[in-house]
Amino acid sequence: MRTVMAILMSVLLVGCGTTVDPPEPGTPTSEEPAPETDPDTTGDPESPGEPESPGEPAIVETIAEGLHVPWGIAFLDDGTALVTERDTARVLAIRAGESPTVVAEIDVAAPTGEAGLLGIAVSEDADVFLYVSTENDNRVLRTRFAGGGLGPGEVILSGIPNARIHDGGRMIFGPDGYLYVATGDAAVPGLAQDPGSLAGKILRVTTDGDPAPGNPNPDSPVWSLGHRNVQGLAFDDQDRLWASEFGANAWDELNLITAGGNYGWPAVEGMGGSPEYIDPIHVWPPADASPSGLAWSDGHLWMAALRGRRLWRMDADGGEPAAFFTGELGRIRTVVAAPDGTVWLATSNTDGRGDPVDGDDRIVAVRTR
């Protein structure tokens with residue numbers, strides 16, 4: 001882990017001197033503030049004196065077009081991708097060389113603002129898990145893909161506070177076989193520090209929704225706390241958990257997650273330097289990030305940026321982040337490692353924010369080296 005001084009130097013370099021204006025009086029602060037003109041901070045991996053670059057990523061294929069706010073992507077054993085659409089509450093199946101097909105519509109979903117049908121994960125035994133915003137809460141459903149569709153969903157975890165903004169929603173299975181679930185503070189910042197609330201947390205549960213063995217509190221699903229709105233989770237090749245997190249008006253964050261760790265929100269945004277809280281590894285002004293999806297591929301972390309409209313690449317053990325595709329794809333919501341060794345990027349240009357690119361959303365495959 002780097003020293004605080006080293007991290008502060010990283011902040012100065014990554015931030016590119018961008019000043020973030022506060023929101024207008026009376027305007028609720030969202031994790032995706034309105035876009036502003038910002039410089040192209042695309043990384044320059046070939047700069048003199050730097051280590052040899054792994055090479056620039058390149059788009060090799062458009063997987064699907066005409067989508068509407070694709071949010072989560074998970075793969076079945078046969079390579080089929082299941083994709084959630086936040087605002088339509090549809091689950092799509094995408095197979096190589098075929099057009100997307102609708103395999104389910106989640107009736108209990110109540111899309112509004114940033115809430116709706118969000119994350120998706122597939123377990124080792126092929127159960128499918130969905131993170132859904134309902135009229136009353138956010139919850140996790142378990143179902144099964146069979147016969148070309150999803151079966152009825154069984155609620156395994158409920159009571160996660162929801163709101164029009166800050167609902168979290170990303171899910172991932174860890175190397176330990178347990179399900180990690182990211183939640184937001186539901187626009188009530190104090191809930192992130194309340195150990196009795198499921199808001200503003202990363203949860204760790206069994207496939208039945210029970211607190212997983214080894215949790216800091218055996219009776220609680222809470223794995224870490226003090227989060228504002230985590231929408232990206234990834235495990236690296238050392239089985240370490242990383243999370244990308246929306247800040248408010250100053251700093252977005254990339255955090256290395258430890259069991260029982262407190263990441264400071266709302267007392268701290270960005271670097272705090274307090275022994276009570278864990279500082280992030282990297283921070284960005286929201287204009288350069290507003291981070292959502294996160295993935296591990298080819299020895300690097302890859303982070304999707306909504307307001308920043310770019311893909312960030314990071315070395316988990318140090319080094320400065322590099323940005324790619326700045327402005328080329330528009331808002332990037334999700335990045336996920338695909339079975340064929342590429343990473344898939346899903347855009348979010350129809351979510352009602354920012355300046356749409358091409359008028360729809362798509363998924364593209366990217367070669368990362």
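Biologist: What should I know before I read any values?
Modeller: This is a predicted model, in which local features need pLDDT of at least 70 and side-chain atom pairs count only at pLDDT 80 or more, while totals for chains, interfaces and linings use all residues. Residues are numbered from 1 along each chain as its sequence is written, and side-chain values use heavy atoms, with hydrogens and water left out.

Biologist: Where is S224 placed?
Modeller: S224 belongs to strand β14, residues 222-225. Strands (E, at least two residues) and helices (H or I, at least four) are DSSP runs, numbered from the N terminus.

Biologist: Is S224 buried or exposed?
Modeller: S224 is buried, because its relative accessible area is 0%. Buried means under 20% relative accessible area, exposed over 50%, and partly exposed in between, with a 1.4 Å probe and protein chains only.

Biologist: And which residues does S224 touch?
Modeller: Leaving aside residues up to four places away in sequence, S224 touches K201, I202, I257, T258, G261 and Y263. Contact here means heavy atoms within 4.5 Å.

Biologist: Which side chain makes a polar contact with the side chain of S224?
Modeller: That is the side chain of H227, at 2.9 Å. A polar contact is a pair of N or O atoms within 3.5 Å; within protein, one must be able to donate a hydrogen and the other to accept it, and residues adjacent in sequence count only if both atoms are side-chain atoms.

Biologist: New topic: how many cavities of 30 Å³ or more does the structure hold?
Modeller: The structure holds one, and the largest cavity has a volume of about 50 Å³. On a 1 Å grid over the protein atoms alone, a cavity is a set of points where a 1.4 Å probe fits but cannot get out, and a pocket is an open set with protein on both sides within 12 Å along at least five of seven lines; lining residues have an atom within 4 Å of a point.

Biologist: What lines the largest cavity?
Modeller: Its lining includes G226, R228, W251 and Y263. By class, the lining has five nonpolar, two polar and four charged residues.

Biologist: How much space lies in the largest pocket?
Modeller: The largest pocket has about 750 Å³. Its lining is made of 30 residues, of which V122, M171, I172, F173 and V336 lie nearest its centre. Among the elements that give two or more residues to this lining are β2 (70-75), β6 (117-122) and β23 (332-337).

Biologist: Moving on, how many salt bridges are there?
Modeller: A search of the whole structure finds 14. A salt bridge is a side-chain nitrogen of Lys or Arg within 4 Å of a carboxyl oxygen of Asp or Glu.

Biologist: Which residue forms a salt bridge with R144?
Modeller: The partner is D127, with the closest N and O atoms 2.8 Å apart. R144 lies in strand β8 (residues 138-146) and D127 in strand β7 (residues 127-133), so the pair ties together parts that are 17 residues apart in sequence. R144 counts as partly exposed at 40% relative accessibility, whereas D127 is buried at 14%.

Biologist: What about R333?
Modeller: R333 forms a salt bridge with D351, the closest N and O atoms being 3.1 Å apart. R333 is in strand β23, and D351 is in the loop between β24 (343-347) and β25 (361-367), 18 residues apart. R333 counts as buried at 1% relative accessibility, and D351 counts as buried at 9%.

Terms used: Points joined across faces, edges and corners; volume = space filled by probe spheres on them. Nonpolar A, V, L, I, M, F, W, Y, C, P; charged D, E, K, R; others polar.
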